[in-house]
Amino acid sequence: MLSVKLLSYTQDPEKLIASAAKLCYSPSTIEETREKLTDENVKSFVKMLAKIGHESPIEHASFTFGIEGVSRALLAQITRHRIASYSVQSQRYVKEVQFEYIVPPEIENIKEAKQEFLKSMHEAQDHYDNLTDILQNHHKEIMIKNGVDEKTAQRLSEKQAIEDARFVLPNACETKIICTFNARSLLNFFAHRCCNRAQWEIRQVATEMLKLVIKVAPNIFYNAGPACTRGSCSEGNMTCGKILEVRDMFKKIKG
């Protein structure tokens, strides 16, 4: 099951952003600049930055998420957002004794499709297990012949085996991610991945991430979401045609 949690974020992110932006135009010291900022100043200034497109100060705030119950297919998409940091559960070091997998909704809702999908998952596990055993026995035998003690050979050969056996695991294989974005990169992420044209899984993740950050930094993200929430659709002829529905949904998300 999908789980998205906000693990950590910059303390008082909106005041930090306002301070950084104010500093560019003030002769005051950093501390004096911060002390002059009231909550109302911060709110109006952060919104003004977004409005005029002065986005570099927004990069000072960062947000770290824990994401579970997602597929390796999602991993390939989210890591395209390069101005972020990622830590991912490794298939090279973690043996998939019984791998969990993500079932796409369209497959879940069609009986015959789900049966075929589950069959392929079980077959992938069988192939993975068989490959692991074959490779591990081969590597262990060579290590023992080369003088490695049996306990060490057992441990090292398994690691070496799963490194190659993982190649038969499917995109559906479940993974876990900890990722950190700065606020500017997050705004870009939401613009692309909250859109109805985004793939369903990453759209779900992006929407959950937005729900979390809007609670702790409402002024930074008050305008976040797909392009159609701020103006016309950016997808041109590929538009989903549901602009009013999308706008209403994100209006509710932001309260």
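**Shape and burial**

Reader: How do you know how the protein compares with a compact globule of 255 residues?

Author: Such a globule would have a radius of gyration near 18 Å, but the protein has 24 Å. That radius is taken over C-alpha atoms, and the globule rule is 2.2 Å times the number of residues to the power 0.38. The C-alpha trace spans about 75 × 50 × 25 Å along its principal axes. This is a predicted model, where local features need pLDDT of at least 70, side-chain atom pairs count only at pLDDT 80 or more, and totals for chains, interfaces and linings use all residues. Residues are numbered from 1 along each chain as its sequence is written, and side-chain values use heavy atoms, leaving out hydrogens and water.

Reader: What makes a residue buried, and how many are?

Author: Buried means under 20% relative accessible area (exposed is over 50%, partly exposed in between; 1.4 Å probe, protein chains only). Buried residues make up 36% of the 255. In helix α1 (residues 13–23), they include Pro-13, Ile-17 and Ala-20.

Reader: Which elements cover the buried residues of α1?

Author: Among them are β1 (3–9), α2 (30–35), α3 (39–52), β2 (62–71) and α9 (200–216).

Reader: Why are these called helices and strands?

Author: Because they are DSSP runs: H or I over at least four residues for helices, E over at least two for strands, numbered from the N terminus. The protein has ten helices and four strands.

Definitions and conventions:
Contact means heavy atoms within 4.5 Å.
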